[in-house]
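Please look over the sequence and the model first.

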Amino acid sequence: MKKYVKHFFDNEILSYLFFGVATTVVAVLTRMLCYALTSNELLATALGNIAGILFAFATNDTIVFKQERTGWFARFVKFALARLSTFLLDMGLTLVFVTTFPAIIGQFVHNDIKAVNTIETLFAQIVIIVLNYVFSKVFVFKNKSTN
């Protein structure tokens, strides 16, 4: 079993997908908890993204793209800048579909704002996972560890 787990995590795409889902879970749970506590969708989106970015960098740098320990801060800055673009996309989608025009999604869920927020969150996360992989692969994680 240990051999299969190692083989799974040695595959960059499978490993990225696994940690992408884990990052999404961290971000969404943080976002939903913050939304439940504050009813502020933009604050919840921001805090969910911050939690997701920190978790994603730690897992991508060490496990997925197996980077050398040196130069991690420069990679973190690039990573944070790349994630800023998807963060802004997430904030924009929230602003459009939850804050400004909730009826677009709401018409399908009896205008339940919590359901609208949940649907928009899940949709946004799928788009963000794909974009973040492209940004990470092309711009951030270029040097493999020699281990």
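Is Phe 57 buried or exposed? At 8% relative accessibility, Phe 57 counts as buried. Buried means under 20% relative accessible area, exposed means over 50%, and partly exposed lies in between (1.4 Å probe, protein chains only).

## Basis

This is a predicted model, in which local features need pLDDT of at least 70 and side-chain atom pairs count only at pLDDT 80 or more, while totals for chains, interfaces and linings use all residues. Residues are numbered from 1 along each chain as its sequence is written, and side-chain values use heavy atoms, without hydrogens and water.

## Helices H3 and H4

Helix H3 spans residues 41–64 and helix H4 residues 72–100. Helices are DSSP runs (H or I, at least four residues), numbered from the N terminus. The two axes come within 9 Å and cross at roughly 150°. Axes are lines fitted to C-alpha atoms over the stretch in contact, with angles from 0 to 180 degrees between N-to-C directions. H3 and H4 are therefore roughly antiparallel (over 145 degrees).

Residues of H3 in the contact (heavy atoms within 4.5 Å) include Leu 42, Ile 53 and Phe 57. On H4, Phe 76, Phe 79 and Met 91 are among them. The contact residues divide into 13 nonpolar, five polar and five charged. Nonpolar covers Ala, Val, Leu, Ile, Met, Phe, Trp, Tyr, Cys and Pro; charged covers Asp, Glu, Lys and Arg; the others, Gly among them, are polar.

## Aromatic pairs

Rings of Phe, Tyr and Trp (its six-membered ring) pair if their centres lie within 6.5 Å; planes under 30 degrees apart are stacked, over 60 edge-to-face, and the rest tilted. The count comes to 15 aromatic pairs. Phe 9 and Phe 18 form an edge-to-face pair, 5.2 Å centre to centre with 85° between the planes. Phe 9 is partly exposed at 22% relative accessibility. Phe 18 is partly exposed at 40%.

Phe 57 and Phe 76 are also edge-to-face: 5.0 Å centre to centre, 80° between the planes. The pair links H3 to H4, across 19 residues. Phe 76 is partly exposed, at 22%.

## The H5–H6 loop

His 110 sits in the loop between helix H5 (103–106) and helix H6 (113–140). Its phi is positive, about 55°, although it is not a glycine. His 110 is exposed, at 79%.

Asn 111 lies in the loop between H5 and H6. Its phi is near 55°, a positive value in a residue other than glycine. Asn 111 counts as exposed at 55% relative accessibility.

Key: Helix = DSSP H or I, 4+ residues; strand = E, 2+ residues; numbered from the N terminus. Parallel < 35°, antiparallel > 145°, perpendicular 65-115°, else oblique.
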